Amino acid sequence: MLTCKEVVERASGLIDGELSGWELWKMRLHLFLCRGCSHFVGQLRQTNQLAADCGARPDEQERSAFDDPGPQHPDFLSRLHTKAADRRPDERKA
Amino acid sequence: MANRRRLDGDQQEQRRSEAQIVRQLRAGSKEAFTQLYRQHNTTMLRIATGIVGSEAAGEETTHDAWIAVLNNIDRFEGRSGLAHWIYVILTNKARSRVERDGRAVSFEDDGTGEGLAAAFDGRGRWKAMPELWEERTPERIVAGRRLADHVAEAIDALPPAQRMVLILRVQQGLSSSDTAAILETSEANVRVMLHRARLALRQHLERLT
Ligand SMILES: [Zn+2]
C-alpha cells in the first residue's frame with residue numbers, strides 16, 4: 001500500500017495518464033480508501049485546469065493591439081513583413 | 001514514424017489546419033500570420049522574458065524569433081509541429097542573447113520548492129487532511145480578484161524553468177518529450193518540474209480560501 005506521501009509524489013503522473021499496470025492500480029486503491037488523498041488529487045486537477053484556462057485566455061494587451069490599434073501599435077505586422085521580405089533566409093535551421 | 005500513424009482525430013485535424021497555415025504563410029498571407037501571432041505571442045513573450053531576464057529584452061527576442069519564423073517558413077518540414085518549431089527558434093534566440101550578454105543559461109531544475117514534506121507524519125500520512133474544494137472557475141472572485149488573475153500571478157512567481165514547463169506542457173499542450181527537447185533537458189526533469197509547478201500553484205490557491 002502506498003503512503004499518502006507517495007500518492008502525492010505520483011499525482012502528476014496520474015493526471016497526465018503516465019501510470020499503468022500495478023502503479024495505477026496501487027494509486028486507485030489508495031484513492032478509494034483515503035479521503036485526504038482523493039481530495040488532494042481533485043485539488044491538483046482543478047489547479048491544472050485553471051492553469052490551462054489561464055493560458056487559453058487571450059492576453060488583454062494582445063487583444064487591444066489587434067482590435068484597437070492605438071499609437072502603441074505602429075503596424076508591427078507590416079514592419080515584420082517588410083523585414084522578412086528584405087532578408088535572405090540566413091537563419092539556422094531549427 | 002509509427003507515432004505518425006497513431007495520431008488521433010484531434011491531432012490530425014490540428015495537423016491539417018497547421019499545414020494550411022504554413023501554406024498561407026508561404027504565400028505571404030497577413031491573416032495567417034495574424035492568427036499565428038495571436039495564438040503564440042503572449043506565451044512567447046513570457047518564455048523569452050523568463051530566459052533573458054528583462055521584459056524589454058524578451059520583447060526584442062520574441063520579435064527576432066517572429067522574423068526568423070517568417071524567413072524560414074519555407075524550410076519548415078512539419079515533422080515536429082509548428083508550435084514546437086516556433087518555440088525551438090524562440091529558445092535558441094533567447095539562448096544566444098543570454099550568451100551574448102555573457103551569462104549562463106540553464107533549464108535544469110531550479111526549484112527550491114518547499115514541497116509538501118512538512119504535510120506528512122513520520123509514516124507518510126497526512127497530518128491535516130486536504131479538504132474538498134468547491135468548483136473553482138477562472139471568473140470566480142476570490143479575495144477581491146478573479147481567480148484567473150490569482151493564477152496568472154502565481155504562474156509569474158514560479159521559478160523560470162518550472163514556469164516554462166508549465167506553459168509548454170499545460171497551456172500549449174506539448175508533450176513531455178517535445179518540451180524536454182525545446183528546453184534541452186531530460187523528460188524526467190520535465191516531469192519533476194511540472195509536478196513542482198502544480199504543487200506551488202495549488203498551495204497558492206489553498207491560501208486564498
Ligand atoms: Zn492518502
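**The interface between the domains of chain B**

Modeller: Across the interface of domain 1 of chain B and domain 2 of chain B, the rule finds one salt bridge, that is, a side-chain nitrogen of Lys or Arg within 4 Å of a carboxyl oxygen of Asp or Glu. The side chains of Arg95(B) and Glu184(B) meet in a salt bridge, with 3.8 Å from N to O. The model is a predicted one, in which local features need pLDDT of at least 70 and side-chain atom pairs count only at pLDDT 80 or more, while totals for chains, interfaces and linings use all residues. Residues are numbered from 1 along each chain as its sequence is written, chains are lettered from A and ligands numbered from 1 in the order in which they are written, and side-chain values use heavy atoms, with hydrogens and water left out.

In chain B, domain 1 covers 2–100 and domain 2 covers 116–206; such bounds come from an automatic or database domain assignment. The contact (heavy atoms within 4.5 Å) involves 14 residues from domain 1 of chain B and 14 residues from domain 2 of chain B. Taken over C-alpha atoms, the centres of domain 1 of chain B and domain 2 of chain B are 25 Å apart.

Buried area is the accessible area (1.4 Å probe) that two parts lose on being put together, summed over both. Between domain 1 of chain B and domain 2 of chain B it is about 1100 Å², and carbon and sulfur atoms give 62% of this. On the side of domain 1 of chain B, the residues that lose the most area to domain 2 of chain B are Arg46(B), His84(B) and Arg95(B), together 42% of what that side buries.

Chain B and chain A bury about 4700 Å² between them, 61% of it on carbon and sulfur atoms. The count between these chains is three salt bridges, and the side chains of Asp16(A) and Arg169(B) meet in a salt bridge of 3.8 Å, N to O.
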